[in-house]
Amino acid sequence: PFVGASGNFLNELLGTIGLKREDVYISNVVKYRPPENRDPTPEEKEQCMPWLQLEIAIIKPRVICTLGRHS
């Protein structure tokens with residue numbers, strides 16, 4: 001996630017608060033790229049929610065910052 005221009009911008013934003021990409025954990029709501037790179041449907045997001053919840057339980061983040069249209 002966050003490659004190209006959006007990745008560069010994220011790196012810049014992280015730098016303004018003294019962090020690097022290696023300092024943060026980045027995940028996606030949907031764990032696969034939908035066909036033809038279309039937006040995920042509400043059903044696809046719902047199907048992937050248990051995996052996201054498990055990631056959060058394992059990582060135990062101090063802060064969660066949602067970014068993007070589907071966050």
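This is a predicted model: local features need pLDDT of at least 70, side-chain atom pairs count only at pLDDT 80 or more; totals for chains, interfaces and linings use all residues.
Isoleucine 58 counts as exposed, at 59% relative accessibility, where exposed means over 50% relative accessible area, buried under 20% and partly exposed in between (1.4 Å probe, protein chains only). Its place is in helix α2.

Residues are numbered from 1 along each chain as its sequence is written, and side-chain values use heavy atoms, with hydrogens and water left out.

**The chain as a whole**

The protein chain has two helices and zero strands; both kinds of element are DSSP runs numbered from the N terminus, with helices being H or I of at least four residues and strands E of at least two. Along the principal axes, the C-alpha atoms fill a box of roughly 35 × 30 × 15 Å. Of the 71 residues in the chain, 15% are buried. The accessible surface is about 5,900 Å², and 59% of that belongs to carbon and sulfur atoms. These areas come from the Shrake-Rupley method with a 1.4 Å probe, and for residues only the protein chains shown count as cover. Take the contacts (heavy atoms within 4.5 Å) with a separation of 6 or more: 39% of them are between residues 24 or more positions apart.

Beyond its neighbours within four places in sequence, glutamate 44 is in contact with Val30, Tyr32, Pro34, Arg38 and Asp39.

With neighbours within four places set aside, glutamate 55 is in contact with Tyr25, Ser27 and Lys31.

**Along the loop**

Now for the loop between α1 and α2. Valine 24 lies in it and counts as partly exposed at 31% relative accessibility. Leaving aside neighbours within four places, valine 24 is in contact with Leu14 and Leu19. Asparagine 28 is found in this loop as well, partly exposed with a relative accessible area of 38%. It touches Pro1 and Leu52, not counting residues up to four places away in sequence.

| Pair | Residues apart along the chain | C-alpha separation |
|---|---|---|
| Valine 24 and glycine 4 | 20 residues | 18 Å |
| Asparagine 28 and phenylalanine 9 | 19 residues | 17 Å |

Most residues other than glycine have a negative phi. Glutamate 36 has a positive phi of about 60 degrees although it is not a glycine. It lies in the loop between α1 and α2 and counts as exposed at 80% relative accessibility. Asparagine 37 has a positive phi of about 55 degrees, again without being a glycine, and is found in the loop between α1 and α2.

**The largest pocket**

How much space lies in the largest pocket? About 1,600 Å³. Of its 39 lining residues, the closest to the centre are Phe2, Ile26, Ser27, Asn28 and Leu67. On a 1 Å grid over the protein atoms alone, a pocket is an open set of points where a 1.4 Å probe fits, with protein on both sides within 12 Å along at least five of seven lines, and lining residues have an atom within 4 Å of a point. Grid points are joined across faces, edges and corners, and the volume is the space filled by probe spheres set on them.

Helices α1 (4-16) and α2 (42-59) each supply at least two residues of that lining. By type, the lining divides into 24 nonpolar, eight polar and seven charged residues. Nonpolar covers Ala, Val, Leu, Ile, Met, Phe, Trp, Tyr, Cys and Pro, charged covers Asp, Glu, Lys and Arg, and the others, Gly among them, are polar.
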